[in-house]
Amino acid sequence: MNTVLAGRGLTKKYGSTTALDGVDVEVRERDSLAVMGPSGSGKSTLLHTLAGIIRPDGGTVLLRGQAIDGLSENRLSTLRRKRFGFVFQFGQLLPELPAEENVALPLMLEGMPRRQAVRQARRWFAPLGLDGLEHRRPGQLSGGQAQRVAIARALVVEPDVVFADEPTGALDQATSTEVVRLLTSVAREQGAALVMVTHDADVAAHCDRILQVRDGRISHHSQYTVA
Amino acid sequence: MRSPVLSLTWHLARSSGRRGLQSQLLAAGAAAAGAFVLLVMLAAGLGSGARADRTAWRTPEPARHATAVQALATTYVRHEPVTVVNLARLPDRRATPPPPGLSAFPKQGEVYVSPALAELLHKLPAGQLADRFPKVTTYGTIGAAGLASPDELVAVVGRSPGDPAVSRAAGDSGMYDMYQAARAEVSGFQGSKQSLFTYTDQSTALLGVALLVMPVAVLAAAAGRLGAARREARLAALRLAGATPRQIIGMTAAEAAAVGAAGALAGAALYAALLPALAEIPYGVGSWYTGQLWVGLPWFAAVVLAVTALITVSAVSMLRQVATSPLGVAQQADPRRTRVIRLVVFVAVALYVFSQSQGGGLSTRQVVGLLLLFYGAFWLFGPWVVDRLGRIAGRFARRPATLLAARRLSDDPRGAWRTVSGLVLAGFAAGFFAVSMVGTDGSHFRDQVAVVTSNAAEARHATAEARTLLREAGVTATVTTMKEDDYDSLTGGSPGLVARVLGGSERIDAAVTALAPLGTSRMPYTQDYATAGDRSAVDRFAEVSTATLALSFLVATASAGLTAAAGVLDRRRVYGLLRLAGTPLKVLDRARVRETVLPLVVLAGGTTAIGVCASYRLNKVFGASLDLTGALQLAACTALGALAMFAAIGCSRPLLRRVTADPAPTAD
C-alpha cells in the first residue's frame, strides 16, 4: 500500500518543554494508527502536527509525498477541509443544525448545492446506524449517536486521512467499542487512513498499529490484528 | 457559620485572569454608559421642569387685593424672544414684593435686564433693540432666581400705572397673543403658568427618556451576559466540588452586582463630574444653570441601583437556566421556540394603542404610557419574528453562512433579538422623531412688522406716524393700514398696520424698534411672534430627537458590540473546532454578521415604519402636519446606525480570530 501521510524528524517545543523530539511516522492507505501515551507525552501535538494544525519547529510532514508544513495558513485550511476529516471527543457538531446539515456542511463549504449536499450526507446515516435521526439536533442525540454523526461528517468529503482525538473519551465502554469499530471499518471501506489519539488500550486494539509516545519520542511501535 | 460565598466570589474574581478581567471591565463599562445616559436624560427631564417653573412669575395671576399692575409682552430680536415684564405700582396700595431675581420692586423708568440681554443691548445698535425700552443710564440686573437659563433674554420695566404698556389693552386679546401677552392686577409673583418657551420642555424630554429606557435596559442585560461561558464553566467545576446551586447563584449575583455597581457608580460619577460641561448644552431657551441638571440624591441612587439590579438579574437569569437544567443548556437539547401568543399580545396591544390615539386629545403622560406599552409588546413580539425569519431563511438558504445564521436565529431567537433589539428600538425612536417635526408655516409674513391698535381710527393715525418713524430710522418699508376683519394678515383680524420691510433681519429689528414709540398698548411684532406657539413645540421635538437618536444609536451600538463579543466567547469551542477542521474564518464571520443583518433589516425597517406611523398619530394630537424633510434625516440616521452596528460587530472579529486560532480550545 502507498504511503499517504508521513512525518519525518518532527520536532516541536513549547518554551523549554519538548513536545516532539525527532518523531518519524508513516501512515499508509486504509491504515489505522492509534497513538497512545501518558498525558503530556506529545501525542496530541503529534496529531495536530500531522494534520497541519501546528507547524513543526523541525522536520517535515508529507501528504502523498508533498510537504505541507510550508503551505500558507489558507491553503492548510483548505487542505484540512478537503483531504482530512476530524473527529474530536465532543463539541464539534453545531448545536443548532440538524444532524444531516451538520454532515452536509463540509460539502456546502466546498460549494456543493445544499440539496445535493444534504442528499449525499443522508447516505451516511444508514451505514452508521443513524437511520431516522437525520432531523435531530446534536442535543437530541446520545453521546454515541453524536459521535457517529461526527464520523459521518469526517468521512463525507472522502478524505485521505481521518484524525480522531480521543473520539471515545466521553463515552461508556460499550458505546466506545461500537463507535471505534464503526470508525475503523467505515474509514477502511472508504479507503481513508485513520490516525487516532486515545488513552484506552481497548479502543487502540481496533487499529492496525499502535504508537506509544513518551516525552516526545516514539517509545514503542506495535502491529495488531484487528480483534 | 459564616457564608463562604462572598470570600469565594472575591477570590475567584481576582484569580479569573486577563480574560475574566476584560469581561468584568466591559460589563462595568456598559453599566457606566447606561447609568450615564439615563442620568443625563433624567436630568434634562427634571431640570427642564424645574427651570420652566422659574418662568411662571412672568405671567400675571389676578389678585383680589391687588397692589400692582403686571403686563407680560414678548418681542423678538434676531428671531430670539425677549420676554418683557412691565410693572406699575398702583397708587395708595401697600408695597408689592420684588419679582424673583430682583432685589426691589422696579420704580417707574427703571429697567432690569438678564445678563444675556445686557450683553445683547451692549452689542447691538440702540436702533435695533435698546430703543424699545425706556431710556436709562444703567440697567439693573435680573438674578438667576428669575431666569430659566443664563441665555434667556428677559427685561423687567418699571412703568407708571397710566402707561399704555400696562393698560387693559395690553392683555392677550390678539390672535397670536396667547402665552406671549397677558395683563392683570397682582399682589405678588406667585403665577403658575410656565412660559410658552419652556412649558413643553419637560414633556418632550421625558418622551426622550421613555424612548431611551429600553436601549439602556438592553445594554445592561448584554453586560450581565458577558462572561456567561466563564461562569458556566465555574458552575460545573464548583458543582463538582460540592457547591449548591444557591451558592453558585449567590456568587454570580455578588460578582455581577459588584461589577454593575462599580460601573454604574463610575457612570454616575462621570455625570456628576461633567455637570458643568453638560450645562453648556443648549436645550429650549438655552444652556443651563448647573444646579438645574442635578437630579438629586434619590434619583441618583435610584439609577445606580436600577442599572446594578438589571445587570445582576440578567447574569443570574442566564445562570439559573444552567443551574436548573445544566445538560439542556450545555447541549441546547431543545430549540428555544417562541409561541404564537406573542403575536396575539402584540396585535392586541397595537390595536389598543391605535384605538386610543385615534381620537387625539391625549395628554403627554398618556402618550408616554402608550409608547411604553407598545415598547413592551414589541419586546415580546421581536423574538417571535426572529424565530419565523430564521425558519424561512433556513428553508431557502443556499450558502453555509446563511444556513448557519438562519439556524442560529431559529435556535435562539431571544438571543438574536437581544443583539438587534437596541437598534430596532432606536429605529422606532428615529422613525418617531424624524417625522415629528410638526409642520408650521408662517413664511408669508416674512419681512413684515405689525402694530395692533385699539380701533380703525387709531390704526389710520398710527399708519401715518409709522411712515415718519420708519423714514427717520432709515428703514425702507411700505406701510398699510389693516382692517379689523383681515384675518389672513399678520395683525390677525385686529385693526392696525403692517409694514413690509426691505433688507432682512437687521432691518426688521430696526423697524420693530422704530415703531415701539407709536404709543400703542402692545409692542410691534413680526412673524416670529405669530408662529411662536408652533415653533416652540417643533424646536423642542427637533432638539430631543437629535439627542435621543444620537444616544440611542450609541447605546444600541454598544450593546450590539457587547453581545457579539459575548457570543464569540460563549461559542468559542465550537468555533475553534470548526476552524480547526478547515472551516474558513470568513464563513464563521459572515454567519455571525448575517445572524444580525437578517433580523435587523426586517425588524429595524418595520419599526422605523411603525415609528413614522406613531409619530403621525402624535402629530394629529398636536393638530399639525408631517414634515417630509424629516424622512431624509431618518434615512441618514438609520444608515449611520446600521453602519455603527456593523462596526461594533466587526470589533469582535479579532476576538473570533484569536479564540479560533487556539488549536486546543478550552471552555474558558
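Modeller: This model is predicted. Start with chain B: of its contacts between residues at least 6 apart in sequence, 83% join residues at least 24 apart.

Biologist: What makes two residues count as a contact there?

Modeller: Their C-beta atoms, placed from the backbone, lie within 7 Å. Chain B holds 20 helices and nine strands. Buried residues are 52% of its 668 residues.

Biologist: Why is strand β5 of chain B called mostly covered?

Modeller: A residue is buried if 20 or more other C-beta atoms lie within 10 Å of its own. In β5(B), residues 154-159, six of six residues are buried, so the label holds by that cut-off.

Biologist: How do you know whether one face or both faces of β5(B) are covered?

Modeller: Check each side. B:V154, B:V156 and B:G158 lie on one, and B:A155, B:V157 and B:R159 on the other. All are buried, so both faces are covered.

Biologist: Why is β2(B) said to pair with β5(B)?

Modeller: Pairing needs at least two bridges. β2 (residues 80-89) and β5 of chain B have six, in the parallel sense, so they pair. One bridge joins B:T83 to B:V154.

Biologist: What makes β3(B) a partner of β5(B)?

Modeller: β3 (residues 111-113) and β5 of chain B share three bridges, antiparallel. The threshold is two, so they pair. B:V111 has B:V157 as its bridge partner.

Biologist: How many residues does each chain give to the contact between A and B?

Modeller: Chain A gives 25 residues and chain B gives 22. On the chain A side, α1 (43-50), α2 (73-83) and α3 (99-109) each supply two or more. That side divides into 12 nonpolar, eight polar and five charged residues.

Terms used: Residues are numbered from 1 along each chain as its sequence is written. Chains are lettered from A and ligands numbered from 1 in the order in which they are written. This is a predicted model: local features need pLDDT of at least 70, side-chain atom pairs count only at pLDDT 80 or more; totals for chains, interfaces and linings use all residues. A residue is buried if 20 or more other C-beta atoms lie within 10 Å of its own, exposed if 12 or fewer, and partly exposed in between; C-beta atoms are placed from the backbone. Helices (H or I, at least four residues) and strands (E, at least two) are DSSP runs, numbered from the N terminus. Ala, Val, Leu, Ile, Met, Phe, Trp, Tyr, Cys and Pro count as nonpolar, Asp, Glu, Lys and Arg as charged, and the others, Gly among them, as polar.
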